[in-house]
Amino acid sequence: MSHKLDGLVHTHMAVAVSSGSSNCECYGNVRGTPARRRRRVFVQTETGCVLGMDLDRSDNAHTVKRRLQLALNVPTDERSLTFGDVILKNDLSAIQNDSQLLLTKNVMHRSLSTPCLSPTGRNLQQRDQSGPIEILGCSSNCARTKELIKVIAKAIKNGVDPIPVHGGLGGAYYFRNSRGESVAIVKPTDEEPFAPNNPKGFVGKALGQPGLKPSVRVGETGFREVAAYLLDYDQFANVPPTVLVKVTHSIFNVNDDVNVNNFQSRKNVSKIASLQQFIPHDFDASDHGPSSFPVATVHRIGILDIRIFNTDRHAGNLLVQKLNKVGELCQMELIPIDHGLCLPESLEDPYFEWIHWPQASIPFSEDELEYIKNLDPVRDSDMLQKELPMIREACLRVLVLCTIFLKEAASFGLCLSEIGEMMSREFSRQEEQPSELEVVCIEAKRMIANSDMSVFEAKGGEDYMFDIDSEDLEGDLFPHMAMDFLNKGLFCSGSKGASGHYPLSKLDENFGESEVDVTDWPNQDLFQITPKSSKSLKKTDLVGGRSHRLQSGMGTVSGIRRSANEQLPNTTSFVKLADMSKEEWILFLEKFKELLYPAFANHRSSSTGQIQRQRLGTSCQF
C-alpha cells in the first residue's frame, strides 16, 4: 500500500510503559513512528461537532475545553466535559487513548471549571489535522475492520463517495470500494433518531438525553453496536465486524439550526460513527417465514440477545443469506445487525422476534450449553470497560445480570423461548406488567434493603454522575398491577421469603420514568398490592426501513421536524440497577441467584398447558 493511502487511515495502538508507577502510556501509530507520551481523544459537543486532539500530561479539562472553543468556535462556559458516567474536573489521568468525551450543558449546576477565553488568532494550530477515518480504540478484534477501512479510504481517494441510506429513522450511509460496491454501513451518532443532525426530521434532543428508548441515550447507540460485536466470541452469532470511528466527509448531514456558528462551513464534516461491514444478502427475515431457518442459527442469535438484553430484535434486522441447495431445500443463514438498542441502562421490555418461532422451543444442543456454561460475565464486563471506556456502569450491570440469568436458566433446563418469556413483560387489561425477571430483581432488592445495611453507610461518597435527564418526558406513568398477575405466585412455596404476592405497590416517578422503589417498604415478606387507579401505557410503534438491507426505495421525511416528546414511547422502569453501591450490587447478585431456581420451577409448572401470553412488544425497526 502506498504511503499516501496509508496516511488516510489513522489507528493508534496503546503501548504500556514498563517502568514507573504512573498511569502514563506511550502511543505510536501503525507505521511504527516513535512512541509519544500523549493520548489521542475525540471530543464531541452535544450538537455533534467533533474534534480529535492529542493530550499532553499537563492537559486538564479546562485546556481541553479551551482548545475545543478555539477550534470549533463553540461556547464552553456553563458546560461540563463528561466521560461516560463521570464529569471531568481537572485531572485527566484516567482517560485512556482513543477515548470519546462529550461536552454537555450543565443541567442544574454551573461548571466549576474556569471560564474559557475568547478565540484568538492562534486557533489555527488547534484544528484537527487527522485523516478522513480514525478508529476509536483498537484491539486484535478489529484486524478485519482495519483492512476494510483501507479499502474505503482508497475508494474515497479515487472519488467513489458514500451514498445515503433512505430507509430507517436515523442517518446512515453506504461506504463503497473502488468498484462502487457497498462494503460498510456508517451511522453517525449525531444523526440518530432525535439527535441534532438527524436528516429525516426526527430531532429535538441533545446528545446524552433519553432517546428512542428512554434507557438508551441519544448518541450512544454506536458503542452498543460495537459491544455486540465484541461480545460475540468466535462469531458465535455471526455479528458483522463493527468499530467506532471518527470519519470526515462532505456527505454527512448538518441541520441548519445546528450550524448557527458556521462551524462546518467548510466542505468536509467530521462525525463520530459506528462502522459495520456490509453483508450481501437476499432479503431479511420479515420477507420470509421462519420455518426454514436453521435451529442452531436461531439459538445462537437468541443467546446473544439474552446476554445483551436486546430491546429491538425485530425481523428487519435479521438478514437472510441463501446458501447452497441440498436436494430440494435451500439452506439459509441469518446475520444479526442493528444492535444500537441493546445494553440499556435499566431493565425494560425487550423485543425478541424469535420468541414464538418453533426453533426457540427446541432444547439447547450440547455445544450451545457448553458455550453458555463458559460465559463469564465478569470477564465480559471487564473487556467492554477496557475496549469501550465510555460505556456506563449501568449497561455493564445489565450485561452481568442477563448473563447470570441465561447461565442459570440453561442449567435448569429452560429452552430459549422460556427464557425470553421470563424476560418479557405481559400486557394485560391495557396495562404493562413487570416481567418475571424484573419481579425476581425487585424481590432481591427488597431482601438487601431489609437486611442490615450499616456496612453501606459510606455510600454517600460514591455517586453515579449524569443520571438520565428526561425532564422533557411528560405524563403520568403509574402502571396498574392486575390482580390476576399478582396471584399467579412467582416463587415455589418452599422458596425463601416466598408468599405468592409481589412487592410492587410503591412507585416513584423519576425523571419521566415510573420506577418501583423497594428501599422504603416496611419490613415484611412479599407484599400483596392494592391496585391503584392509573393511566394506560401507550406505546408508539416507530416503524422505519432496514438500515443495513439493500435500498428499498422507501422515501425519506424531509422538511418536517417531529417533536421528540410526541415520538418517544412511554415506558415504565420497575427496577434499576445503577442505584446500588458496589457492595450492595454484590449482595444483590447473591440474592438474585438464590431466587432464580424457584422462579424457573414455577414458570415451567405454570406455563404447562397455557396458551401464549399476550405481550406489549414494541419494535422500533431502527
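In which sense do strand 3 and strand 7 pair, and over how many bridges? They pair in the parallel sense, over 5 bridges.

1. Ground rules. This is a predicted model, in which local features need pLDDT of at least 70 and side-chain atom pairs count only at pLDDT 80 or more, while totals for chains, interfaces and linings use all residues. Residues are numbered from 1 along each chain as its sequence is written, and side-chain values use heavy atoms, with hydrogens and water left out. Helices (H or I, at least four residues) and strands (E, at least two) are DSSP runs, numbered from the N terminus.

2. Look for an open sheet of 5 strands in the order 4-3-7-5-6, with mixed pairing. Strand 4 and strand 6 stand at its edges with a single partner strand each, so one side of each has no neighbour in the sheet. On average, neighbouring strands here are turned by 35° against each other, direction ignored. As for the word "pair", two strands do so if DSSP finds at least two bridges between them.

3. Who pairs with whom. Strand 3 (residues 39-45) runs antiparallel to strand 4, with 6 bridges in that pairing; Q44 has V50 of strand 4 as its bridge partner. Towards strand 7, the bridge partner of F42 is Q100. Strand 5 and strand 7 run antiparallel and are joined by 4 bridges, with S80 standing opposite T104 of strand 7.

4. What covers the sheet. Helix 2 packs on this sheet and touches strand 3, strand 4, strand 5 (79-83), strand 6 and strand 7. Contact here means heavy atoms within 4.5 Å. The direction of helix 2 makes about 135° with that of strand 4. Axes are lines fitted to C-alpha atoms, for helices over the stretch in contact, and angles run from 0 to 180 degrees between N-to-C directions. Strand 7 has 6 of its 7 residues buried, so it is largely enclosed by the rest of the structure. Buried means under 20% relative accessible area, exposed means over 50%, and partly exposed is in between (1.4 Å probe, protein chains only).

5. Is S58 buried or exposed? S58 is exposed, at a relative accessible area of 60%, and is found in the loop between strand 4 (50-55) and helix 2 (61-72). Its C-alpha atom is separated by 9.6 Å from that of S93, which is 35 residues apart from S58 along the chain. D98 sits in the loop between strand 6 (86-88) and strand 7 (99-105). D98 is buried, with a relative accessible area of 4%, and its phi is near 65°, a positive value in a residue other than glycine.

6. Strand 10 (residues 173-176) pairs with strand 11 in the antiparallel sense over 4 bridges, and R176 has S182 as its bridge partner. The two strands form a hairpin with 5 residues between them, and G180 in the turn has a positive phi of about 85°. Strand 11 (residues 182-188) is mostly covered, with 6 of its 7 residues buried. Strand 11 also runs antiparallel to strand 13 (residues 269-277), joined to it by 5 bridges; there P188 has A273 as its bridge partner.

7. F194 lies in the loop between strand 11 and helix 4 (221-231). With 1% relative accessibility, F194 counts as buried, and its phi is near 75°, a positive value in a residue other than glycine. How many of the residues of helix 4 are buried? The count is 11 of its 11 residues, including R224 and E225.

8. A helix pair. The axes of helix 8 (residues 393-412) and helix 13 (residues 582-607) come within 10 Å and cross at roughly 30°. These helices are therefore roughly parallel to each other; angles under 35 degrees count as roughly parallel, over 145 as roughly antiparallel, 65 to 115 as roughly perpendicular and the rest as oblique. Among the contact residues are V400, L401 and I404 of helix 8, and W585, F588 and F592 of helix 13. The residues of this contact divide into 14 nonpolar, 1 polar and 4 charged.

Note on methods:
Ala, Val, Leu, Ile, Met, Phe, Trp, Tyr, Cys and Pro count as nonpolar, Asp, Glu, Lys and Arg as charged, and the others, Gly among them, as polar.
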